[in-house]
Amino acid sequence: MAVTGNTVTAVGDSLLISLSSPYKNIVSVQGYVDVVEGEDTANYFIKEFRWSKDNAVYSDFVDLTDTNLQNLLLDPTQPFWIQYKYTCAALESGHSLTFVSISLEVETSAGTIEQMPQYDCCNGNSNDPCANLVIDCCGADVWDPYAVQNNNYNQLSQVVSDLFGFCVTYYKTAADQRSKDVILKEYSLFNVIDSTNNLKILIPDNELPTKDIQFGPLGLDIPVIFEVHIVKTEFERVFGKGSRPEMRDYLYFPKMNRMYEVNSIAESDDFMYQSSYWRATLTVYQERTNISYSDVNIEEEVSALVSNLDTVFGEETQLQETQVRKPDQYKTIGTGSNDYVRRILDKKLIIKSEKIYNNYTIVAKYIYELSSLIKNTIAVEYRYENGITVTDNRAFTFWVRPKYVNALSTNISITSISSTSQGLAQFTIASTASLTTGSIIRISGTQDYNGIQIVKDIISVTEFSIEKDFVTSIFTNPRFRIEKEVTPFVYATNTTTPFSFTYTPSSVIVKFATKTYIFDLSASSLLLGESNWYAFVLNISNEFNQMSLFIWESTSRTGIASASMTSELNNIYQETKVLGGTFSVSNSKWRLLGSSGDFTNFRIFKDPIQIEQQSLILSQYVVKDNQLSVLIDNASPELRLPTVNNPR
């Protein structure tokens, strides 16, 4: 790489520009303006962007254009994170390109349009405005010692508390007078009567409790006792004249995210034997049944702050156990109800033992020979049945090896183009063709219909319509050819198919709900060759209104390792389409179908997979982060043992 700071000096170098804090209250983005030094017709960047709501899951990269920015579906109640990628596309010898700044023109929830610049700051310059320091005193008035004529000790104590005190949430308790025991001279019940978020306390020598976890007879614990000082004037300012801390009061430290309770109280021996603060010994907070709340809001506030380990770590523990056990990958070899991934597995389906290598990395060990079954026969039906809701994101990954039989037909001449009664384009051909509804054809020689098209209806032996509106009938030597189609998996019932994935030698067609999305591979000069393995990633994001297709291939198909080999795959195709709305599919079943090809390593993930991680995930035979998936099928064969009726 030849990148120095925000300057590139070689073709192919990229700059990834991120935000340190998100945009807020943004309704839409109108456009952008950037400043790049050294850019002209012979030296320029390819500019892309992706966006997120949480700075964790991002959309796929798309071209940085005003149109793509205006198509973003933004929620003004959510933060708006954006990342820009500037890739050097062309650069003359001795030249360099430098990114300087970028600004977005946005519309806020207030209805105003603003220009919001982003630029490189906090660069170490002492005069940089980002180097300002801010002291938060919780709204208290800081005493100016130079404005006081007499050195009053109580005032000094209050000033020290204001300047160096920790802000805590203090919960004040009081004895319930109805629970008074005159014999034992104690109260058995207490009420939380007040709370405040801006009480300041002092910690002697600023020695905060250690963060170390200690192991005791009852298990893991944190250090239990430490001392704090509470200035009397500060406490009385908050809770009233004459008030004082008492046992069973408790405090929440936002800085440490811990809750403590008061174990004992003592006055200090201070200047002139005059006590200016309380010495309070704190211990770890415990929920007690003899503490009640006079205000339900305080009770809910405390419940939100404290929890036990099972509540805190329960979900994470379950996820980690699932990640380690990997039941979707290790519990799939039984038959019938003992197959935890597949509900139906056709006995005629051939599961072949074959190792697929990417250099020295084993990608798969078994494959489904879907060509061993009749076309569209259910080869596998999965137990996982959930579809895709309007708020869901999904990523599909799998490996395929086409096995076409007469993959491309000969060209057939088109004699005329007209319109059907429904307004679709209708074609009359010179001779009969083996067309059916849903056939995939490639048309050439027309003005408006060239490329991949799908047959809508067969009108007669020499007439058919396509799934495209009629525009004009202008053509020059028009013709078409039928492409061999392979549909390895669907989400369907016996009567409907709301989701399907189909590929041909030069295209990929995805049907999602009511829409059909066509990815024309020939536009990138790509032809899916017979008997070669290809890895697919299909990202569907209702959140980002995108559908993205990525195709990868192995750099080498040998299992012999060498020093120059890596486990990286080659990305040979990628394209992102706008969904055009939010869609959902449900009440169907995920199935593999008999088709002309081999298939393995079928996985469905909960979130889109960013391009930087795709090569790694596709190269995993055993998925490491299986807790992020909903379905994993490595095409493992069933374990079939013979039945012995008489073991004697």
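Predicted model: local features only at pLDDT ≥ 70, side-chain atom pairs only at ≥ 80, totals over all residues.
Colleague: Where does Asn 545 lie, and what does it touch?

Modeller: Asn 545 lies in the loop between β36 (534-541) and β37 (546-553). Leaving aside residues up to four places away in sequence, Asn 545 touches Leu 73, Lys 577, Val 578, Leu 579, Gly 580 and Gly 581.

Colleague: Okay, now the salt bridges. What makes Asp 598 and Arg 401 a salt bridge?

Modeller: Their closest N and O atoms are 2.7 Å apart. The rule asks for a Lys or Arg side-chain nitrogen within 4 Å of an Asp or Glu carboxyl oxygen, so the pair qualifies. Asp 598 is in strand β40 (residues 597-605) and Arg 401 in strand β25 (residues 393-402), so the bridge ties together parts that are 197 residues apart in sequence.

Colleague: Which residue forms a salt bridge with Asp 598 at 3.2 Å?

Modeller: That's Lys 403. Lys 403 sits in the loop between β25 and β26 (412-419), and this pair links parts of the chain 195 residues apart.

Colleague: How do you know whether Asp 598 and Lys 403 are buried, exposed or partly exposed?

Modeller: Asp 598 has 1% relative accessibility, and under 20% is buried, so Asp 598 gets that label. Lys 403 comes in at 27%. Arg 401 is buried, as Asp 598 is.

Colleague: What about Lys 352 and Glu 354?

Modeller: Their side chains meet in a salt bridge at 3.7 Å, N to O, and the limit is within 4 Å, so the pair counts. Lys 352 is partly exposed at 36% relative accessibility, whereas Glu 354 is buried at 17%. Lys 352, Glu 354, Arg 401, Lys 403 and Asp 598 are linked in a network of salt bridges. By this rule there are 21 salt bridges.

Colleague: Which residues touch the most other members of the largest nonpolar core?

Modeller: Phe 396 and Phe 512, in a core of 49 residues. The largest share of this core, 4 residues, comes from β36. Another core, of 31 residues, lies apart from it, including Tyr 58 and Phe 544. In soluble globular proteins, nonpolar side chains tend to be buried together.

Colleague: And what makes up the protein chain as a whole?

Modeller: The protein chain has 7 helices and 41 strands. Buried residues make up 44% of its 648 residues. The chain exposes about 34100 Å², with carbon and sulfur atoms supplying 50% of it.

Notes
Residues numbered from 1 in each chain as written. Heavy atoms only, no water. Helix = DSSP H or I, 4+ residues; strand = E, 2+ residues; numbered from the N terminus. Contact = heavy atoms within 4.5 Å. Buried < 20%, exposed > 50% of the residue type's maximum accessible area, 1.4 Å probe, protein only. Areas by Shrake-Rupley, 256 points an atom, 1.4 Å probe, with all protein chains shown as cover. Core = buried A, V, L, I, M, F, W, Y, C linked by side-chain atoms within 4.5 Å.
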